[in-house]
Amino acid sequence: MWHDAITRTHSANIEVRSMQRFSRLSTGDPECAWDMKADGTTPDLVIIDEAHHFRTPSTRRYRAVAIACAGRDLLVLSAT
């Protein structure tokens, strides 16, 4: 759904990361933090869909997302 929506916007400044990607990261992994883009910018807004998967603070995915999203505006979505 998100890939289709992004394609319709014709925006090249959007990145999608999967829940599984965060589940595999440790908190010391540099991929926890958003990498700077080629133009020196980092995301201003992070949208977390299916956010109920990130609700347990003791999990690896919760900690990885918390690090990645620190200092960013968040839009947290969940139908659950």
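1. E50 is located in the loop that links strand 1 and helix 3; helices (H or I, at least four residues) and strands (E, at least two) are DSSP runs, numbered from the N terminus. The model is predicted: local features need pLDDT of at least 70, side-chain atom pairs count only at pLDDT 80 or more, and totals for chains, interfaces and linings use all residues. Residues are numbered from 1 along each chain as its sequence is written, and side-chain values use heavy atoms, with hydrogens and water left out.

2. The phi of E50 is near 60°, a positive value in a residue other than glycine. Most residues other than glycine have a negative phi. E50 counts as partly exposed, at 38% relative accessibility (buried means under 20% relative accessible area, exposed over 50%, partly exposed in between; 1.4 Å probe, protein chains only).

3. H52 also has its place in the loop between strand 1 and helix 3. H52 is buried, with a relative accessible area of 17%. Its side chain forms a polar contact of 2.7 Å with that of S78 and one of 3.3 Å with that of H53. A polar contact is a pair of N or O atoms within 3.5 Å; within protein, one must be able to donate a hydrogen and the other to accept it, and residues adjacent in sequence count only if both atoms are side-chain atoms.

4. Strand 1 pairs with strand 2 (residues 73–76) in the parallel sense over four bridges (pairing requires at least two DSSP bridges), and V46 stands opposite L74 of strand 2.
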